[in-house]
Amino acid sequence: MLLIPALALLAACGQGGEAKIEVSDAWARPTRGDAPGAVYITIENKGGQDDRLISVMTDHAAMAMVHQTEMSEGVARMRMAGEINVPAESSIKMVPGGTHIMLEGLRTPLKTGDSFPLVLKFRESGEETVSVRVAEADEL
Amino acid sequence: MNLKRLRIALWLLVGLVAAGLVVFLWKQAETEQPAFSQTSLGTIGGPFTLTASSGKPFTSAQLNGKPAAVFFGFTHCPDVCPTTLARLTKLRRELGKGDDALSIVFISVDPERDTPAEVDTYMKLYDTPVIGLTGTPAQIDQVKKQYGIFSRKVSQPGGGYSVDHTATVILLDRNGQFSSTISMEEGNEVALDKLRRITA
């Protein structure tokens, strides 16, 4: 009799104690020449444990880094953001003018309609691969 | 007696100074008529010569006759610059007065990397007309000063550099006079109202 709630509790603990990462809505704007690109993604942690995005990589660029655009007194500054914390049961939506993944040294410029895989490495959940859609230049 | 003479002399002096002042102000009013007019709000703007993406010289007088939204940025800017240009092209479309009603102008704050050809390919990302301008470092410095724009090169880890810069859009009326600004944080409704005002 006591075993059933105990097992249920254990099961619930197991479920809540793990990070469950889902990455979606990954997109970038097209680029020209050797200019870098910016990727915007939505990260959802449906689990009960905090997780962290520790690195990003893609075969399509020499370097992929999480960057943050900071605005102060009308001046935009772009800085490396380091690791991104994704708390349990929360989500992070990257939008233009804020946090983004910068792709430096693109193998070929990003073209509207193309897509390419991006690998995101999380401390707890390991690697997640997402397909990045290259949108129109005027997508916001 | 002496006192009366002194009084007359003093009045004459006052009259002379007043006449001099009138002449001086008159002359100043005459000389203070720059080609590209100044604003009552200060001295934002002024005549400039830069280089168009075609490689040909481009003077500020070529903007006259049409209101303009002027944005300073650089082509190696992946987030803020394309976001602002995308926003401006969208706002112009929402305005519903056609591409001819408002010039969208991009001025590079990175003249070292942004050659006219580089600016040209960048502008061609948009399927709507955007005027892309660059120039010599001295020309860019001058136009930045005229429009109160800050920019600074910042080296990036792993080589290369980024440019911190003022991302505020400057709105000019059809006479090239400063009207108002659009900031990144501002809502689109407020921005549209400002655009309606200069395109009215």
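**View 1. A strand pair across the two chains of the predicted model.** A:A76 has B:H165 as its bridge partner in β7(B). The model shown here, as in every view below, is predicted. The strands involved are β5(A) and β7(B), the latter spanning residues 161–166 of chain B. They pair in the antiparallel sense, over 2 bridges.

**View 2. The side of chain A that touches chain B.** Chain A gives 25 residues to the contact, and chain B gives 28 residues. Four strands of chain A each supply at least two residues of this side: β2 (37–45), β4 (61–72), β5 (75–80) and β8 (99–106). The largest share comes from β5(A), with 5 residues. By class, this side of chain A holds 14 nonpolar, 6 polar and 5 charged residues.

**View 3. The hairpin of β6(B) and β7(B).** Strand β6 of chain B covers residues 151–155 and runs antiparallel to β7(B). The two are joined by 5 bridges. B:K153 stands opposite B:V163 of β7(B). Between the strands lie 5 residues. In this turn, B:G158 has a positive phi of about 90°. β7(B) is also the strand that pairs with β5(A).

**View 4. An open, mixed sheet in chain B.** The sheet has 7 strands, ordered β2-β1-β5-β4-β3-β8-β9. β2 (57–59) and β9 (178–182) of chain B each have a single partner strand, so one side of each is left without a neighbour in the sheet. On average, neighbouring strands are turned by 35° against each other, direction ignored. At the β2(B) edge, 3 bridges join this strand to β1(B), residues 49–52, in an antiparallel pair. B:T51 has B:P57 as its bridge partner in β2(B).

**View 5. Helices on the sheet of chain B.** α2(B) packs on the sheet and touches β3 (68–73), β4 (103–108) and β8 (169–172) of chain B. The direction of α2(B) makes about 170° with that of β3(B). Helix α4 of chain B, residues 137–147, lies across β1, β4 and β8 of chain B. α4(B) runs at about 115° to β1(B).

**View 6. The crossing of α2(B) and α5(B).** Helix α2 spans residues 80–95 of chain B, and helix α5 spans residues 188–199 of chain B. Their axes come within 10 Å and cross at roughly 65°. The crossing is right-handed. From α2(B), the contact takes B:L91, B:E94 and B:L95. These meet B:N188, B:A191, B:L192, B:L195, B:R196 and B:T199 in α5(B). The contact residues divide into 5 nonpolar, 2 polar and 2 charged.

Key:
Residues are numbered from 1 along each chain as its sequence is written. Chains are lettered from A and ligands numbered from 1 in the order in which they are written. This is a predicted model: local features need pLDDT of at least 70, side-chain atom pairs count only at pLDDT 80 or more; totals for chains, interfaces and linings use all residues. Two residues are in contact if their C-beta atoms, placed from the backbone, lie within 7 Å. Ala, Val, Leu, Ile, Met, Phe, Trp, Tyr, Cys and Pro count as nonpolar, Asp, Glu, Lys and Arg as charged, and the others, Gly among them, as polar. Two strands pair if DSSP finds at least two bridges between them. Axes are lines fitted to C-alpha atoms, for helices over the stretch in contact, and angles run from 0 to 180 degrees between N-to-C directions. A crossing is left-handed if the near helix is turned anticlockwise from the far one by less than a right angle, and right-handed if clockwise.
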